[in-house]
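Let's take a walk through this structure together. Keep the sequence and the 3D view side by side as we go.

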Amino acid sequence: MQVGVFLTNQNPVGSDLVAALEEQLAMTRLARDRGWDVVATGQHYLSEGASQLQLVPFLSRLAAEAGHMTGVAGVLLIGLHNPVEMAEMVASLDVIWGGRFVFGIGLGYRDVEFDAFKVPRGRRVRRFEACLEVIKRLWTGQPVDFESSYCRLEGATMALRPVQRPHPPIWVAANNDRAVERAAEIGDTWIINPHATVATIERQMGLYRAALERHGKPFPIELPMLREICVADTREEAVRLARPSLEEKYRAYVAWGQHKALPGDDDMTAAFDELVQDRFIIGDPAACADEIRRCVDAVGANTMIFRLNWPGMPREAVLRGMQLLAEQVRPRTASR
């Protein structure tokens, strides 16, 4: 099983962002030195209540610290952008990462982002899918014709090509049932989100497998799963450390409308003590290892990407959690 760290890269408004960046770099170096496999980060625009560096320059900076690790865009909101811009940006990132880069994509769910980029509500999915198709065609180096309200190409060719051929792996984020089926149709694999319960994901895995079969595609070699995790010497300490920041993070998600992207039977608006059940991994090393194995067994994930830091989380607690994860949790997950 591969292991990765997801860098939240969101900080309370007014934070010292230079110092915050150094904290993210320190986490990357710790993961690198402990032999972790993946470092990932996400993208949002106009993030109310949080200051966040943009994904492309941030991942470019991380490449200098990451060593052998793979960089993951988790995820780029490609439907907000011109496909030529995205094709060249991602090809550049694949070069910067030496061919160890994953093109993670997502539709997005926040009206403020769609409105800012003038993406009409009824055309979001169509534009998302069209952008991906144009990006892949440009990466072939062959002439591309395309006409839309946001892009016009007549026999356009792109000389800048990704290192990986035909392109970097395409991981598709999906929350609701239809999006999970779309991930099977258009992507190389599904990025399993950190918000849904394991019960929801188990049910959706059936939809994913059925969609793969309909499209004549094999089950992916790599199945990544994101989880929120806080490891401490005791469960009580882990809850004490995680609760303030994680609770605030999920209040922000609800304010942004993230809960509406989940299936209706998965309630992300619940109070923390209920929200944590079957959703977050919080506890001592042995309990966290058991929960990770349960997640892996339930859905078949073979790449676990952990988010250990949320806005306002003390740096010392984050780094201590990463050390415990590396030294006491990961060895337990490797032994059956």
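Start with N9, which sits in the loop between β1 (2-7) and β2 (11-12). N9 isn't a glycine, yet its phi is positive, at about 55°. The element names are DSSP runs numbered from the N terminus, with helices being H or I over at least four residues and strands being E over at least two.

A word on what you're looking at: this is a predicted model, where local features need pLDDT of at least 70 and side-chain atom pairs count only at pLDDT 80 or more, while totals for chains, interfaces and linings use all residues. Residues are numbered from 1 along each chain as its sequence is written, and side-chain values use heavy atoms, with hydrogens and water left out.

Two other loops deserve a click. In the loop between β5 (70-73) and α3 (83-96) you'll find V75, and the peptide bond joining G74 to V75 is cis, with omega about 15°. Then there's P166, in the loop between β8 (152-156) and β9. A cis peptide bond links R165 to P166, with omega about 5°.

Now for some helix packing. Two packed helices are described by the angle between their axes and the distance between the axes. Here the axes are lines fitted to C-alpha atoms, for helices over the stretch in contact, and angles run from 0 to 180 degrees between N-to-C directions. Helix α1 (residues 17-33) packs with α11 at an angle of about 10°, their axes 10 Å apart. The two are therefore roughly parallel to each other (under 35 degrees counts as roughly parallel, over 145 as roughly antiparallel, 65 to 115 as roughly perpendicular and the rest as oblique). On the α1 side the contact (heavy atoms within 4.5 Å) uses E23, A26, M27, L30 and A31, and on the α11 side R315, V318, L319, M322 and Q323. By class, that's 7 nonpolar, 1 polar and 2 charged residues, where Ala, Val, Leu, Ile, Met, Phe, Trp, Tyr, Cys and Pro count as nonpolar, Asp, Glu, Lys and Arg as charged, and the others, Gly among them, as polar.

Next, look at helix α7 (residues 198-214) and helix α10 (residues 285-299), whose axes come within 9 Å and cross at roughly 20°. That makes α7 roughly parallel to α10. From α7, the contact takes in V198, I201, E202 and M205, and from α10, R294, C295, A298 and V299. This contact has 6 nonpolar and 2 charged residues, and no polar ones.

What about empty space? Rolling a probe the size of a water molecule over the atoms shows where it is left. On a 1 Å grid over the protein atoms alone, a cavity is a set of points where a 1.4 Å probe fits but cannot get out, and a pocket is an open set with protein on both sides within 12 Å along at least five of seven lines; lining residues have an atom within 4 Å of a point.

The largest pocket has 41 lining residues, with G108, Y109, N175, Q258 and A261 nearest its centre. Elements giving two or more residues to that lining include α5 (124-139) and α8 (235-256). The lining splits into 19 nonpolar, 15 polar and 7 charged residues.

Finally, the largest cavity is lined by M1, V3, W36, I292, F306, L325, R330 and T333. Helix α11 (residues 315-334) turns up again here, giving the most to this lining, with 3 residues.
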